[in-house]
Amino acid sequence: MKRRSTAIWQGNGLEGKGLLTSTSGVLNNTPYSFTTRFKNEDGIAGTNPEELIAAAHSGCYAMALSFALSGAGFVPVELKVDAAVNLEQAAVGFAITGVHLNVIGDVPGITAEKFQELADLAKINCPVSQALKALPITLEAKLK
């Protein structure tokens with residue numbers, strides 16, 4: 001299985017602009033730029049690579065945790081996952097320095113300890129976590 005997205009960039013890094021398009025159409029000439037990456041946190045003007053990494057990680061992790069819970073006999077009513085990708089100034093340019101996952105689960109019949117155990121396991125087994133394993137990935141897991 002392969003998933004594709006295309007980026008088109010025009011102009012220099014500071015003043016240029018780009019468009020992102022994905023095969024599914026979820027991204028369809030979605031704008032991104034230096035401003036949407038570093039200055040505009042409300043996301044109205046477009047997206048940025050870190051936001052897309054966070055979306056991929058939160059989505060993948062939620063699915064991995066759902067499988068882990070189901071495999072252990074628990075059916076989640078809802079899993080709300082927030083992924084925060086840290087981008088910091090580096091010696092040269094910028095660097096992604098880590099990801100923090102925060103999950104709140106509504107899972108009938110599970111103890112907090114078992115939920116934490118399965119949440120930790122899902123963090124290890126999530127394919128996006130595996131792809132990002134060069135980064136520190138922290139996790140906070142709570143029940144509703």
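The model is predicted, so local features need pLDDT of at least 70 and side-chain atom pairs count only at pLDDT 80 or more, while totals for chains, interfaces and linings use all residues. Residues are numbered from 1 along each chain as its sequence is written, and side-chain values use heavy atoms, with hydrogens and water left out.

Begin with the aromatic rings, among which a search of the whole structure finds three pairs (rings of Phe, Tyr and Trp, the last by its six-membered ring, pair if their centres lie within 6.5 Å; planes under 30 degrees apart are stacked, over 60 edge-to-face, and the rest tilted). Select Trp9 and Tyr32, a tilted pair with 5.2 Å from centre to centre and 55° between the planes. Trp9 lies in strand β1 (residues 5-10) and Tyr32 in strand β3 (residues 30-33), so that the pair links parts of the chain 23 residues apart (strands are DSSP runs of E, at least two residues, and helices runs of H or I, at least four, numbered from the N terminus).Colour these two by accessibility: Tyr32 is buried at a relative accessible area of 14%, whereas Trp9 is partly exposed at 34% (buried is under 20%, exposed over 50%, partly exposed in between, with a 1.4 Å probe and protein chains only).

Next select Phe34 and Phe38, which are four residues apart in helix α1 (residues 34-39) and form a tilted pair, with centres 4.8 Å apart and planes at 40°.

Finally, turn to the largest pocket, which holds about 500 Å³ of space (a pocket is an open set of points on a 1 Å grid over the protein atoms alone where a 1.4 Å probe fits, with protein on both sides within 12 Å along at least five of seven lines; lining residues have an atom within 4 Å of a point). Its lining includes Met1, Arg3, Ser22 and Leu52.

Note on methods: Grid points are joined across faces, edges and corners, and a volume is the space filled by probe spheres set on the points.
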